[in-house]
Amino acid sequence: MAQDLAQEAKQKNIRYFLISFVDLFGVLRAKLVPARAISQMQEEGAGFAGFAAWLDMTPAHPDMFALPDPESLTQLPWKPEVAWLASDLHMNGAPVEASPRVALRRQIARAEKLGYRMKSGVECEYFLIQPDGAAISDSRDTQEKPCYDQSALMRRFDVVSQICDAMIQLNWGPYQNDHEDANGQFEMNWDYDDCLRTADRHAFFKYMTRQIAEDHGLRATFMPKPFSHLTGNGCHAHVSLWDQSGAKNLFEDETGRDELGLSKLAYEFLGGVIHNVEALASFFNPTVNSYKRINAPRTLSGATWSPNAVSYSGNNRTHMIRVPDRGRFELRLMDGAANPYLLQAGILAAGLDGIANKRDPGKRLDTNMYAPGAKTRGLKKLPLNLLDAIRKTEKSRALKEALGAELVESYCKLKRNEWDDYARAISRWEVEHTLDC
Ligand SMILES: [Mg+2]
């Protein structure tokens, strides 16, 4: 039986609940509900006007209701009188198919029917910058190779440790924090889990990190490429498929014959990701700015750490997919703007397509893809910009079948509008290069 939220409020001294949802553009939206009203909200959901968020709705649509998932209950560690709840959108008594958390639930249900359960972990990189966004916040963080810089990390100890302590308190199992490859950039890692739980935590982590940074007079950004000369914000995912009980990793090779320690099922799943990845790029790299991170020239540190072609490898970070260890792979394409739910839904949908069609990922490559003139002949390229990516998504029958035409069409429609808006804006670059034409 689902937890009784009114009871939880009494036991945990919760005065307010944030009933929240993530829209198609990844924006976290919420209503702040006093504990006295939570029983009714748990039953009927919190009401929203869908058109007011990034969802494919008009002002004439009826009320949309966000039904909170009690499993996701998260007391804000820095304000325990408030608890956060992820929710599923409903309208006219039915789930809103073109909404991210519902889309992920659909994929989980499809996997469950086949006896699978996807577990995953995400690595959310972020920058700590000045509140006005103009520059990184630490003027002494200037090393050419700043990755793992102990001094720069410790100058931000107050922020990083507060976020890490919060994750400890929430039982997420955080295990390491570091300064990343760009000046001003950090990464914090916590345990992998069922993909829905990871998606909820991903959404909450972004909120929490922004909030705690703000409380320290800073700003956290997950923008894919905030500074053109520095490494961008990736959001790599580590993925494995388990049996229904969650006890057996089905990606683990049992024959002892596979060099990377992956099972046949894992290769089929991987084959599905490789087959569908161009069409998924608009989900994994959802903004105009995303395409300045992938396919990018070398950064100040010497490497972008992001992929430039569709390839997979063993423990080699220059490829789109890395197999760092037995029984899992790391997909390195996604960036900080990726929608936490569509990220997981996209991977699972592609993987299930790979299993259903026994897709072959081809041969693994062991080359250094960042070396000048690296061999990319025969490899599929990643879309060069958001419009390219949207077109690939629109054309993908496999994605429409897996994720549902409603979701794919709504998403592409809104993203096209966004692209058109961007294309109409006149940039500083254009003025600099064209004013005297
Ligand atoms: Mg990283």
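Trainee: Let us take strand β13. Which residue in β13 is the bridge partner of L128?

Mentor: The bridge partner of L128 in β13 is A220. The model is predicted, and local features need pLDDT of at least 70, side-chain atom pairs count only at pLDDT 80 or more, while totals for chains, interfaces and linings use all residues. Residues are numbered from 1 along each chain as its sequence is written.

Strand β9 (residues 126–129) is antiparallel to β13, and three bridges join them. Strands here are DSSP runs of E with at least two residues, helices are runs of H or I with at least four, and both are numbered from the N terminus. Two strands count as paired if DSSP finds at least two bridges between them.

β9 and β13 belong to an open sheet of four strands with antiparallel pairing, in the order β10-β11-β9-β13. The edges are β10 (174–179) and β13 (219–221), each of which pairs on one side only. From one strand to the next, the twist averages 30°.

Back at β13, helix α6 (residues 195–215) lies across β9 and β13 and runs at about 155° to β13. Angles are taken between N-to-C directions and run from 0 to 180 degrees; axes are lines fitted to C-alpha atoms, for helices over the stretch in contact. Contact means C-beta atoms, placed from the backbone, within 7 Å.

Helix α9 (residues 386–395) and helix α11 (residues 405–424) have axes that come within 10 Å and cross at roughly 160°. The two helices are therefore roughly antiparallel to each other, a term for angles over 145 degrees. On the α9 side, the residues that meet α11 are L386, L387, I390, T393 and E394. Their counterparts in α11 are V408, C412, K415, R416 and W419.

As for the whole protein chain, the domain assignment, which is automatic or from a database, gives domain 1 (8–92) and domain 2 (106–434). Over C-alpha atoms, the centres of domain 1 and domain 2 are 26 Å apart. Domain 1 gives twelve residues to the contact, and domain 2 gives 17 residues.

Notes. Two residues are in contact if their C-beta atoms, placed from the backbone, lie within 7 Å. Angles under 35 degrees count as roughly parallel, over 145 as roughly antiparallel, 65 to 115 as roughly perpendicular and the rest as oblique.
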